[in-house]
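Hi everyone, thanks for making time for this.

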Amino acid sequence: MVTAFQGVGNRTDRIVKDGWRHMQWMRWIRRRAVWLAMVLLAGPVVSGCQSALPSEKQSMISPWSTFDQAKQSYDLIIPNYTTTEELEQLGYDPYRVPNVGILTYLDIIQRFIPTESIKVEDLDEGIQRCIRAREACYAYEATPSWRKKKRYGSVTADVMGFQKKERTIGWNFNALVVLIDDVVVYKIWGGVPNFVEDKKKRTPLGPIQNNMDDIKGLI
């Protein structure tokens with residue numbers, strides 16, 4: 001049986017909860033109204049200025065600032081002639097140059113013989129010599145890279161959340177240099193000279209759709 005006091009208490013609880021929800025809803029509306037007014041006022045000012053959109057740069061610290069520089073340095077390495085000292089002058093110095101790795105002969109075996117279907121005799125002569133030399137063989141690995149992310153398109157549409165466009169450009173270079181007794185016996189390179197990636201995200205309802213979770217939490 002529900003007593004009169006319990007009924008009054010339940011109604012009071014509902015009134016308090018409804019009042020709290022109303023206050024939260026009004027606060028949310030005021031915040032969004034202020035935000036929208038700021039965007040509308042700033043839109044005409046920044047609409048023609050692409051620099052108003054955020055950007056981000058990421059690079060692997062190395063002696064080479066471009067793909068061509070890394071490739072030119074690599075091309076100067078001559079198997080069976082280039083020494084460790086000469087490699088250091090070209091930027092392959094793991095003790096002084098950041099992000100240059102050292103591989104043991106066991107690492108080299110795993111790299112070139114990932115499965116039993118590949119035989120030692122199928123490999124380049126320099127790698128065969130490395131495997132036979134065991135501890136006397138090692139390798140330097142350099143993986144310089146550079147990336148830049150930049151948002152583009154309509155500043156107003158981006159800030160309002162209707163459409164965001166992002167382009168990533170950059171390059172990466174990978175070089176592996178194998179040595180025996182401080183003399184290069186093998187080298188190989190790869191990489192991406194010109195990396196370009198576009199991402200587009202459309203939100204038809206803009207800020208309303210982006211804040212649906214907030215709205216649901218107030219209902």
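Let me start with a term we'll need: a residue is called buried when its relative accessible area is under 20%, exposed when that area is over 50%, and partly exposed in between. Please also keep in mind that this is a predicted model.

Now to Arg111. Its relative accessible area is 41%, so Arg111 counts as partly exposed. What does the side chain of Arg111 meet in a salt bridge? The partner is Glu141, with an N to O distance of 3.1 Å. Arg111 belongs to helix H4, residues 105–112, while Glu141 belongs to strand S3, residues 137–142, so this pair ties together parts that are 30 residues apart in sequence. Glu141 is partly exposed too, at 23%.

How many salt bridges does the structure hold? There are two, so let's visit the other pair, Lys71 and Asp75. Their closest N and O atoms are 2.7 Å apart. Asp75 has a relative accessibility of 41%, which means partly exposed.

One last stop: Asn172, in strand S5, residues 163–180. Is Asn172 buried or exposed? With a relative accessible area of 16%, Asn172 is buried. Setting aside neighbours within four places in sequence, Asn172 is in contact with Phe67, Pro144, Ser145 and Arg147, and also with Gly190, Gly191 and Val192.

Technical notes:
Residues numbered from 1 in each chain as written. Predicted model: local features only at pLDDT ≥ 70, side-chain atom pairs only at ≥ 80, totals over all residues. Heavy atoms only, no water. Salt bridge = Lys/Arg side-chain N within 4 Å of Asp/Glu carboxyl O. Buried < 20%, exposed > 50% of the residue type's maximum accessible area, 1.4 Å probe, protein only. Helix = DSSP H or I, 4+ residues; strand = E, 2+ residues; numbered from the N terminus. Contact = heavy atoms within 4.5 Å.
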